[in-house]
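Let's take a friendly walk through a protein model, one question at a time. Keep the picture open while you read.

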Amino acid sequence: MSLVTLPVEIFYCILDHLDICSILISLRRVCRRLHTITDTYNRYELDLSSIRQRYIKLIASIIRAENIIGLILSNKASINTTFDFFLLHSDIHEFPKLRSLTLNKFTDYDLDCALQTFASCPLNSLSIDVCSGWHDKIAVLVTSAVIQFKLRKLILKNFSYWTQCISWSNDCNLNYLSLEKCTYSQYQMILGNLRYLKTLVIRDCIIDDCDEVIFTSYSQLLSLTINDCHLSMSDIEFLVAQTPSLMYLKICSRWRAFDSAFDGFSWEQFIKINISSLAKFVFFFSCSLHNNDIMGNIDSLIDLFRTPFWLNEKRWFITCDYYIQRKIINLYTTPMCIKKGDILFQSFINSSSPCITIRWIVSSTDECCLPILSWTDGTFDINATEILITLNIDKNCIGHKGAEYIADALKTNKSIVDMSMAGNHIGDLGVEFIANAMQFNTTLTTLDLQQNQIGEEGGKNLFNALGKNQTLIKFNLIGNPCSQANTLDMITLIKNDKMIASIDLQSRRIKGEDAKYLADALINNEKITSLNLNHSEIQDQGLKYFVDVLRNDKTIEILSLHSNQITTNGTQSIAKALARNTVLKELDLSNNIIRDKGVEAFIEVLQNHASMAKINFFGNLAANYLKVLANIVMPQTRSETNVMMNSKCIGIQKIQYLAKALVFAKSLTVLDLDDNKLGDDGVRRISQALTNSKMLTVLKLQKNSISTVGVQYLVPVLHNIPVISKLYLANNRIDDEGAKHIASLLQTNTTLTVITLEGNAIGSAGAQYLSDALLNNTTVTAIDLTNSGIGDTGAQYLADLLRENSNITELLLGSNHISDEGAKYLADVLQNNAIFNRLSLHGNESSLCTLVEIFLTAPRDQVRTELNVAEKRIGDEEVQFLVDVLANNTTIMNIDLAKNNIGVDGAKYMGDLLQNDKTLLTLNLQSNEVGDEGAKYLANGLRKNTTLQRLDLRENTIGPLGAQCLADALCENIVGRVAILFCMHDFFANTSR
């Protein structure tokens with residue numbers, strides 16, 4: 001059959017379901033036959049509220065008045081503007097076949113106008129939606145319209161409790177009436193007066209406790225719909241029982257309590273007894289619950305709707321939706337009888353994000369009625385193309401029954417890959433259901449069962465089930481009392497994840513069988529390269545299982561066993577396994593209970609282990625030096641450039657281990673063995689081991705009780721190390737003879753730049769040996785002879801050295817009993833040395849040493865502007881040195897000499913300085929012994945000084961004579977322009993010029 005031969009009646013049926021724009025603007029233009037059919041089609045319903053104005057003119061010119069049977073007008077603008085515009089462009093002056101009129105959002109005035117406009121039309125259906133609220137005038141208009149048009153169908157929207165204002169004539173022909181809320185008395189009045197009424201649609205019926213409730217039978221009503229029912233189940237039964245002829249019943253309700261409305265048996269008995277002619281029963285019942293306890297009763301609830309009455313006799317099939325997160329249950333007939341625009345739906349709190357729904361669908365073919373999982377917005381299904389992939393129902397206390405429903409759904413579900421059920425108290429019984437489902441499910445890759453009170457029995461069920469599952473990768477049992485909670489997730493990961501390379505089991509408390517299960521999972525490992533078992537309480541008992549794996553493993557490169565209470569015995573078993581293992585690169589055994597024997601076992605094995613590059617024994621009971629040695633004996637670390645073992649207390653007895661390791665360290669550049677009690681014999685062994693260390697640049701042997709004998713062992717080896725640059729031998733027992741051997745090294749060595757001999761008994765003779773050896777040395781730049789007993793004589797030897805050797809820029813001579821005499825030697829040499837950086841003379845009981853150190857150690861890249869030598873026991877001799885140094889001063893602006901031992905001679909030197917100095921601004925001589933005589937010398941200096949701004953002479957026993965001299969000097973000096981403040985104790989406080 002083609003479009004040309006299709007009967008007109010079928011075309012008309014198709015047009016009945018199309019809007020007027022689709023018919024007249026689109027379909028009409030397809031062909032000539034459709035053009036003709038659309039012209040003759042006489043069932044047009046014209047909805048002017050939904051037509052764009054640009055189409056109204058076209059439609060008005062096409063459509064015929066006699067073909068319009070329905071008209072929909074909305075708001076005031078439509079009646080005055082759109083409708084007028086339509087009439088303006090058409091030849092229509094009346095609607096002779098208009099049977100249905102819908103008026104939306106009208107005021108009483110507009111309603112009156114509209115009813116007058118269409119007074120001549122043969123209306124039998126009227127729908128009114130007022131926007132200004134119902135009142136008596138509108139009720140009168142409605143009553144008049146019902147009588148005038150002899151209406152058979154009346155729809156009154158936004159019309160609550162006003163039916164008593166409408167006069168329902170006994171001759172009224174209404175057989176369809178739709179209202180908003182009404183009271184029970186209004187309900188009775190409607191059914192009592194409208195004897196032809198077949199269909200009644202109400203939003204709700206209000207039955208108050210104070211109402212006079214009289215049971216009356218109304219046999220004319222065949223169809224009853226209550227769209228937003230708030231009645232109790234007993235009130236519903238009372239209301240419905242009064243209409244025994246009902247063939248159609250629809251009830252939609254949101255219940256506050258889970259009662260007999262959800263009881264299929266109660267409904268079955270009620271229908272059989274009171275409305276036995278009922279052919280179709282549709283309902284939607286929703287109830288919000290306080291908790292998920294109801295889940296245990298859903299099976300029995302569903303069964304009550306699966307009796308022969310429901311499935312075979314009536315063929316009414318129901319669906320039950322349970323929203324776990326929201327604790328809401330929806331029970332409804334299939335298909336669902338509410339839409340998103342319905343009033344009941346608008347009262348629901350629907351989610352903008354999808355909700356997980358457990359759904360039971362009752363059908364005639366489903367014998368077991370297993371639940372399924374769906375995406376919904378809280379009521380309606382979400383687009384079917386959006387597949388449910390993630391199921392998260394954490395912390396909903398679904399218990400073991402809820403777990404059973406989820407498990408049943410998982411058996412057939414092919415889309416969920418990620419499921420989280422943490423905190424649901426499912427227990428051993430609930431996890432048994434989940435475990436059983438996992439044997440059938442082939443899509444789930446992530447499962448979270450934290451905090452679910454799963455005990456040993458449940459753990460075993462999961463372990464057995466997951467042994468057969470090949471898809472689950474991420475699994476979490478943390479927070480459950482079963483022992484499997486510590487390892488089952490990682491066992492699953494190792495078994496099923498083909499991409500995993502690193503396993504982290506830190507702080508899992510892996511003991512006994514757990515360790516065995518985990519080790520078994522690793523036996524055929526081909527992908528795990530890193531295994532972290534730190535803080536897992538493995539102990540030796542659990543360690544033995546991992547040792548068996550390690551012996552033949554070809555993949556694990558990093559193994560961490562930090563803080564596992566492993567003893568020496570356990571360590572020795574690992575060492576034996578490493579003799580066969582050829583891939584392990586890093587092993588962490590720190591913070592265990594390993595003693596010397598355990599580390600020594602490793603040292604023997606590691607010397608020939610080709611892959612091991614890092615091992616950590618720190619925090620164990622073994623000697624510190626052994627822990628370091630274990631890291632430098634491995635072939636992979638023999639290129640180690642730095643060996644730092646200071647304060648490891650190796651001692652003479654254990655030095656052979658270190659010496660043996662150093663033989664292999666041919667790339668060694670730094671060796672730090674400070675504070676290890678090596679003694680001369682230890683140095684001998686170290687020296688022998690360093691024979692091949694041609695790259696050593698730094699050697700530190702401080703605090704090792706090395707005497708001249710030890711130096712004799714060391715020096716020949718150092719002669720043959722071509723790059724040695726720093727030698728630290730401080731705080732040993734080296735005397736002048738030892739210094740003589742070191743001097744022999746310095747005579748020929750061309751690489752040493754720093755030598756430290758602090759705290760040895762070098763003496764003046766040793767200083768002479770060293771000075772003579774360094775006369776022609778061009779590489780040594782720094783010498784530390786602090787606390788070496790060289791005295792003034794030794795200082796003189798070194799001063800002579802500095803006069804000839806300008807390469808030395810740092811000399812440390814603190815605490816060497818150097819007096820002013822020795823300081824002068826050094827000062828004379830260094831005063832004009834422009835490249836010398838640092839001279840240390842602290843700890844020598846000479847004030848001159850202090851001044852010499854200050855003046856001769858100023859950084860070359862900084863300009864000294866202040867000199868603070870207060871309380872340094874500076875006397876007149878030291879002041880003379882100071883004045884000589886400042887003879888050409890261009891930078892020092894402030895000098896503080898307070899609280900020293902400066903007398904008349906010192907004041908005379910300072911007076912001479914003031915006569916010629918052009919830079920000094922302040923001079924503090926407070927608390928010295930200047931006296932009147934010294935004040936006179938200072939006054940002489942002030943007469944010619946033009947820059948000094950402040951002179952502090954407090955507490956200097958200056959009397960009137962000294963004060964007069966200073967005052968006269970101020971008066972005679974007429975060049976200076978800056979006010980000078982003199983502080984003269986007991987005489988005057990301020991004098992200005």
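Q: Which residues of α28 do S764, A767, Q768, S771 and L774 of α27 meet?
A: A quick heads-up: this is a predicted model. Helix α27 covers residues 763-774 and helix α28 covers residues 791-804. Going by contacts, the five residues named from α27 meet T793, G794, Y797, L798 and L801 in α28.

Q: How do α27 and α28 run relative to each other, roughly parallel or roughly antiparallel?
A: Two packed helices are described by the angle between their axes and the distance between the axes. Here the axes come within 8 Å and cross at roughly 5°. Angles under 35 degrees count as roughly parallel. So α27 and α28 are roughly parallel.

Q: How many charged residues are in the contact of α27 with α28?
A: Sort the contact residues by class. Five are nonpolar and five are polar. For charged residues, the count is no charged ones.

Q: What is the arrangement of α24 and α25, roughly parallel or roughly perpendicular?
A: Helix α24 spans residues 679-689, and helix α25 spans residues 708-719. Their axes lie 8 Å apart, and the packing angle is about 10°. That angle makes α24 and α25 roughly parallel.

Q: Which residues of α25 make the contact with α24?
A: From α24, the contact uses D680, V683, R684 and S687. Taken by class, the residues of this contact are five nonpolar, two polar and two charged. On the α25 side, they are V709, G710, Y713, L714 and V717.

Q: How many nonpolar residues are in the contact of α19 with α20?
A: Helix α19 (residues 539-552) and helix α20 (residues 568-578) have axes that come within 9 Å and cross at roughly 5°, which means they are roughly parallel. D540, L543, V547, L550 and R551 of α19 make the contact with N569, G570, S573, I574, A577 and L578 of α20. By class, three are polar and two are charged, and the nonpolar count is six.

Q: About how much space lies in the largest cavity?
A: Rolling a probe the size of a water molecule over the atoms shows where empty space is left. In this model, three cavities of 30 Å³ or more turn up. The largest cavity holds about 60 Å³.

Q: Which element gives the most residues to the lining of the largest cavity?
A: The lining is made of L522, L531, F546, V549, L550, I556 and L559. By class, that is seven nonpolar residues, with no polar and no charged ones. The top contributor gives three residues, and that is α19.

Q: Which residue in β22 is the bridge partner of D504?
A: β21 pairs with β22 (residues 530-532) in the parallel sense, over three bridges. Follow D504 across to β22 and its bridge partner is N532.

Q: What is the average twist from one strand to the next in the open sheet of four strands?
A: This sheet has the order β17-β18-β19-β20, with parallel pairing. β17 (390-392) and β20 (474-476) stand at its edges. From one strand to the next, the twist averages 5°.

Q: Which residue in β20 is the bridge partner of T446?
A: Strand β19 (residues 446-448) and β20 run parallel, joined by three bridges. In β20, the partner of T446 is K474.

Q: Where is the residue whose phi is near 60°?
A: Most residues other than glycine have a negative phi, and most peptide bonds are trans. K105 has a positive phi, near 60°, and is not a glycine. K105 is in strand β3 (residues 100-106).

Q: Is the peptide bond from T334 to P335 cis or trans?
A: P335 lies in the loop between β14 (328-333) and α13 (343-346). The bond from T334 to P335 has omega near 0°, and that is cis.

How values were computed
Residues are numbered from 1 along each chain as its sequence is written. This is a predicted model: local features need pLDDT of at least 70, side-chain atom pairs count only at pLDDT 80 or more; totals for chains, interfaces and linings use all residues. Side-chain values use heavy atoms; hydrogens and water are left out. Two strands pair if DSSP finds at least two bridges between them. Helices (H or I, at least four residues) and strands (E, at least two) are DSSP runs, numbered from the N terminus. Axes are lines fitted to C-alpha atoms, for helices over the stretch in contact, and angles run from 0 to 180 degrees between N-to-C directions. Angles under 35 degrees count as roughly parallel, over 145 as roughly antiparallel, 65 to 115 as roughly perpendicular and the rest as oblique. Contact means heavy atoms within 4.5 Å. Ala, Val, Leu, Ile, Met, Phe, Trp, Tyr, Cys and Pro count as nonpolar, Asp, Glu, Lys and Arg as charged, and the others, Gly among them, as polar. On a 1 Å grid over the protein atoms alone, a cavity is a set of points where a 1.4 Å probe fits but cannot get out, and a pocket is an open set with protein on both sides within 12 Å along at least five of seven lines; lining residues have an atom within 4 Å of a point. Grid points are joined across faces, edges and corners, and a volume is the space filled by probe spheres set on the points.
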